[in-house]
Amino acid sequence: MTELFHVNTDSGVPVYRQLVDEIRSAVKLGKIAPDAQLPTVLHMAEQLGLARGTVKRAYDELERLGLVEKVQGRGTFVCYHPPGSGSRKDQAMEMIDLMLDKLDELGFSMDEVNIFLDLKMRERAVNTPSLKVAVIECNPENLSQMAAQLRKIEGIELYSYLLAHVEAYPYNLDEEMDLIVTTSEHADFLRSVLTEREKIARVALRLSLSSMARIVRLPPGERAGILGCSRRFGDLLYAACAAYASNVLVDPPAVISRDFDWQSFLAGKTALLIPDGLEKFLEPDGIQFLQDFAGQGKLIRCVYEIDEGSFLYLQEKIERLRDKP
């Protein structure tokens, strides 16, 4: 195997770097098969006339790049698998690596690469027709938070609907939209009222890790309240408190109303759980009450988000829709 590699001590390029580039190229071009064992550091050093420290440094760099794996007591093995041997995500990551390697060889900095990628992504977004995506949920808190997450996907026009609206006016929704996103809880109902059922994409929601962490950190003895726009969201947070803060006294959820009694609700409470973005649903006096409470108690903003697997599924589904002729 050592005959594949050639280094030039007079080139001005560090010898270990030359060896890294030689091995990386051989691996990615398939000259060295996946799972193949590389020569030992001693053997490689002797065959190329290099110091063992130089070869070890090259092997360490290859391991950092994710191309080889050192197995204690056995040796160094190639762990790179060429594009096509893994999932679509693995293939995409491999192609990105190859592109970054090439740009690195051309001397571009990571800042320059980021600028080029951003320009190309913007160019593609301009030239790609937008897909119409509807998101449907039964409560305004989850609906708002799901929509905020979906807006991170470029190239879509997003429309938000409360489930009650769809129940009353379902007739044109599936004809106008390219994709309809909802939770598993409501997917079966939508399938019963919409004709183009293949457009329905069901997702799972979870309490965000940051929200969960803030609830878990509530010390025993705290008296917490839950406030939202809907009973449904309040019940979700109440269940989360029961699971992650069982030693905290949590009052039953309250729902904002036009004549809501803020003073009575906040009396005696040292912590308050609310949906992130609640202010958009409040009158100015309600916003002021929240600001005043935040100055003396714990104001915990909670987010239910589309989980990672569901979000990846949506991105792939949208890409397939874009690729359709």
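Predicted model: local features only at pLDDT ≥ 70, side-chain atom pairs only at ≥ 80, totals over all residues.

User: How many salt bridges does the count come to?
Analyst: The count comes to 17 salt bridges, where a salt bridge is a side-chain nitrogen of Lys or Arg within 4 Å of a carboxyl oxygen of Asp or Glu.

User: Which residues are linked in a network?
Analyst: Salt bridges link Arg-17, Asp-21, Arg-24, Lys-28, Glu-61 and Asp-101 in a network.

User: What does Lys-70 meet in a salt bridge?
Analyst: Lys-70 forms a salt bridge with Asp-60 at 2.0 Å, N to O. Lys-70 lies in strand E1 (residues 68–71) and Asp-60 in helix H3, so this pair ties together parts that are ten residues apart in sequence. Helices (H or I, at least four residues) and strands (E, at least two) are DSSP runs, numbered from the N terminus. Lys-70 also has a salt bridge with Glu-63, at 3.9 Å, N to O.

User: And how far apart are Asp-60 and Lys-56 in helix H3?
Analyst: Asp-60 and Lys-56 are four residues apart in the helix, so about one helical turn separates them. Their side chains meet in a salt bridge of 3.0 Å, N to O.

User: Changing topic: at what angle do H2 and H3 cross?
Analyst: The axes of helix H2 (residues 41–48) and helix H3 (residues 52–64) cross at roughly 120° and come within 9 Å. Axes are lines fitted to C-alpha atoms, for helices over the stretch in contact, and angles run from 0 to 180 degrees between N-to-C directions. H2 is therefore oblique to H3; angles under 35 degrees count as roughly parallel, over 145 as roughly antiparallel, 65 to 115 as roughly perpendicular and the rest as oblique.

User: Last one: is Thr-195 buried or exposed?
Analyst: Thr-195 is exposed, with a relative accessible area of 61%; buried means under 20%, exposed over 50%, and partly exposed in between (1.4 Å probe, protein chains only). Thr-195 sits in the loop between helix H9 (184–193) and strand E6 (200–203). From Thr-195 to Pro-170 the C-alpha to C-alpha distance is 10.0 Å, with the two 25 residues apart in sequence.

Technical notes
Residues numbered from 1 in each chain as written. Heavy atoms only, no water.
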